[in-house]
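Reader: I would like to go through this model term by term. For each label, please tell me the value and the cut-off behind it.

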Amino acid sequence: MPSMEKNLFNLKFAAKELQRNSKKCDKEEKLEKAKVKKAIQKGNVEVARIHAENAIRQKNQSVNFLRMSARVDAVAARVQTAVTMNQVTKSMAGVVKGMDTVLKSMNLEKISSLMDKFERQFETLDVQTAQMEDTMSSSTTLTTPQSQVDSLLHEMADEAGLDLNMELPQGQMGSVGTSVASAEQDELSQRLSRLRDQI
């Protein structure tokens with residue numbers, strides 16, 4: 001199982017790297033917005049438009065990195081469950097072997113001690129299963145406003161207290177529906193519900 005634990009480490013590392021890239025894109029977006037404002041103040045609308053496009057691209061990249069990080073986190077949680085289940089299975093196998101020996105000797109103190117140990121293993125399994133379910137259910141839904149270059153130009157001009165002396169069409173503000181991560185979460189919840197009904 002060391003290879004599974006190595007894979008788990010790599011997944012967690014990849015998720016953190018994706019989050020760092022997302023934050024880096026956020027910083028770049030802020031820098032580009034500042035450049036938009038400066039270009040508008042200087043009256044250079046074409047340069048402002050280029051920086052606005054860059055800002056929007058950085059924002060979209062940031063959201064994409066966060067979305068991918070959430071997916072990798074979900075996979076890491078599943079791998080963590082597999083690793084944990086394997087450990088619990090090995091522990092339970094050891095308890096069962098011990099149980100055979102104790103039951104043959106019929107020593108009540110040993111049987112009682114063994115049963116306590118067995119119950120602790122099941123409690124550990126319950127806690128780890130609950131933790132896995134909490135991790136899966138806490139995946140957040142990403143919603144992102146879809147802003148257009150022209151609306152960003154107007155926003156930056158408003159912040160700078162300037163008027164763009166040109167006719168720009170109004171950008172439309174909308175929102176992306178539930179993310180793919182949310183759809184996957186719903187599917188997992190349905191599958192979990194079906195499994196519980198079978199038990």
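Reader: Why is Glu17 called partly exposed?

Author: Buried means under 20% relative accessible area, exposed means over 50%, and partly exposed is in between (1.4 Å probe, protein chains only). Glu17 has 31% relative accessibility, so Glu17 counts as partly exposed. Two remarks on the source of such values: this is a predicted model, in which local features need pLDDT of at least 70, side-chain atom pairs count only at pLDDT 80 or more, and totals for chains, interfaces and linings use all residues. Residues are numbered from 1 along each chain as its sequence is written, and side-chain values use heavy atoms, with hydrogens and water left out.

Reader: Where do Glu17 and Arg20 lie?

Author: Both are in helix α1, residues 2-41, and they sit three residues apart, about one turn of the helix. Helices (H or I, at least four residues) and strands (E, at least two) are DSSP runs, numbered from the N terminus.

Reader: Is Glu29 buried or exposed, and why?

Author: Glu29 has a relative accessible area of 11%, so Glu29 is buried.

Reader: Why is the pair of Phe9 and Phe13 called stacked?

Author: A search of the whole structure finds one aromatic pair. The ring centres of Phe9 and Phe13 are 6.4 Å apart and the planes are at 20°, so the pair is stacked. The rule for rings of Phe, Tyr and Trp (its six-membered ring) is that they pair if their centres lie within 6.5 Å; planes under 30 degrees apart count as stacked, over 60 as edge-to-face and the rest as tilted. Phe9 and Phe13 are four residues apart in helix α1, so about one helical turn separates them. Phe9 is exposed because its relative accessible area is 56%, while Phe13, with 47%, is partly exposed.

Reader: How do you know that Ser62 is buried?

Author: Ser62 has 3% relative accessibility, so Ser62 counts as buried. Ser62 is in helix α2. Not counting residues up to four places away in sequence, Ser62 touches Ser22, Cys25 and Asp26, where contact means heavy atoms within 4.5 Å.

Reader: What joins the side chains of Ser62 and Asp26?

Author: A polar contact of 2.7 Å joins them. The term covers a pair of N or O atoms within 3.5 Å; within protein, one must be able to donate a hydrogen and the other to accept it, and residues adjacent in sequence count only if both atoms are side-chain atoms.

Reader: What makes up the largest nonpolar core?

Author: A nonpolar core is a set of buried Ala, Val, Leu, Ile, Met, Phe, Trp, Tyr and Cys residues joined through side-chain atoms within 4.5 Å. The largest one has twelve residues, among them Val36, Ile40, Ala52, Ile56, Leu152 and Met156. The elements giving two or more residues to this core are α1, α2 (45-105) and α4 (149-160), and α4 gives the most, with five.

Reader: Why is His154 not called buried?

Author: His154 has 22% relative accessibility, so His154 counts as partly exposed. His154 lies in helix α4, and its C-alpha atom is 9.6 Å from that of Ile40, 114 residues apart along the chain.

Reader: How many helices and strands are there?

Author: The protein has five helices and zero strands.
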